[in-house]
Amino acid sequence: MLPADVPALIGRIPLFAHLNDAQRTALAGNLQWICLPGGQYLIRVGETAEALYLLRSGSLGVFEGPTDLIRQISADDCVGEISLLSGEAFRYNVRALRDSELLRLDREVFEHLIERHPRAMLDVARQAMDRLVRRERHVEPPDKPRTFAILPVDNGVPVRGLAMQLAQALESFGSCAVIDAKHGANRGSDWFAEREANVRFVIYLDSTGDASWRLRCLRQADVLLLPALAAQEARPWPEAAPGHPARVRHRPRHLLLMHAAHRVLPGSARRWRAQFSGEIQHHHICGEGDIPRIARLISGHGRGLVLAGGGARGLAHLGALRALREAGHPFDAIGGTSIGAIIGAGVANMWDTDEMTRIFYEAFVRGKPLSDWTLPFVALTRGRRAAIMLRRAFGALDIEDLELPFFCVSTNLSGQGRVVHRHGPLWLWLRATSSIPGILPPVLHHGQVYVDGALVDNLPTDVMAEDGIAHITAVAIRADIELRAQTEEFATPPWWRLWMRQRRGTGWPGIVSTLTRAAMVNSEETSVHCIERADLLITPPLEHVGMLDWKDWRSAVESGYREAMRVLEAREREGSSSGNENLTTSG
């Protein structure tokens, strides 16, 4: 027997929302209820469409191949309508990410409904084809998670307060309910489906360790939240056992490390992460201010900051950051390349703007990290001063020890190309991402050769977007230094003649300028694509600052601040203008 809420479910699904009550009732009477356990296939590539499916509760994944998740389908949506209408075989696999309830509408019944309600079903077909076009153009955003399970490593972790704070933070994006064993134990699937249908988010909380309730939390969740006390000895979760239902792949897992001293305990993330295999994200909770950030990230509303490389010009990031912070822009994840990664690491380490300005002035302007010149068998500098500078600034921190999620990009010359670094010694990978070929020697690690990430991706907004970050702010640094020559030459003259020409300003471009400019040429085409991924783009005018002219640092910082303020003010005016137009139209 079908649940009583089926007509209401049909009305909530965008594809059928325009049907009237009689048409919804007619459709509901022809549906079949099915249950799909987590991990089980609903559709396989190459199968012929024999039905469309309405998802009443649960979560489905659309996969290209066996493991590449390209789209998630949440409750109150449908799947299979495109293939049913077109008659083509399925191009993707579809399987349950967690226990799911579906309503099946067979092809024969669908065609019968077309005969009885041709106008209404024609509108359904149009809606389906419109969705197809939007998906192909990547205009339709993926479904966001709706249900979360908080599963502590043991009963000693204080999770009830965490759940309440998280629910309050999620309320910014929609209504949220917390269900624990007291309210949910021994309930049937209809009860949970009804609760999930009535609110935007549900948090399933295990605060007692009851095995059956914990299993129910697992089966209901789109996302698993795994809290632990960071200072305690790391140990495996019960759900890590082979064959456990939690091992349904492609459900996001988030390790929540709770710190008692209101600061990150170095090494704790590495210890706890070692208990898991496969993909897992981690978050540090040092105070109540971290909960809203985690809520944004897990619900698909995260805000990311991406900073480009650009030598001394990159100090403009400090000015842009000052303006963004004054405007109250929070950031939940940070990424960058070269000097953008170095400054981004300071942001992820929760340094304030004044502290960063002081540290990076000492590091780059007074420290002169590129002044240890040597015979150019490998590079023009030894790289030792640059390494000492980074170790002095960041100490022995691992990337995992940063309070905010962080990544940096380097170029692997051993065949891998672009490499995204999220783990390991922070100073080492910052040294790699800033290794301008020919100026700084490459980083050699485990038989691999790493150099500046700007060779392949100077503004890695694409990496941030692939992490599921909804809003990306990017600060781009143009490399538009045009090297010009005032003489016709194909080989350098004797040293004394070359020296005289250089003094008159009519000689060859300097080796440092040539290498710096060459290092960024290859990534310019990529940067154009990455710029398009930014929701808020700041590109300071820096033609007056040379790529290695650290003495002009104040000018770079000021330019970054002025341009960020200009962009923010323009965005605010656009928002106000749009709001006024909407008021006028609605009036």
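In which hand does α15 pass α16? Bear in mind that this is a predicted model, where local features need pLDDT of at least 70 and side-chain atom pairs count only at pLDDT 80 or more, while totals for chains, interfaces and linings use all residues. Residues are numbered from 1 along each chain as its sequence is written, and side-chain values use heavy atoms, without hydrogens and water.

The crossing of α15 past α16 is right-handed, that is, the near helix is turned clockwise from the far one by less than a right angle. Helices here are DSSP runs (H or I, at least four residues), numbered from the N terminus. Helix α15, residues 384-394, packs against helix α16, residues 426-433, at about 140 degrees, with the axes 9 Å apart; axes are lines fitted to C-alpha atoms over the stretch in contact, and angles run from 0 to 180 degrees between N-to-C directions. The two helices are therefore oblique to each other, the class left once angles under 35, over 145 and from 65 to 115 degrees are set aside.
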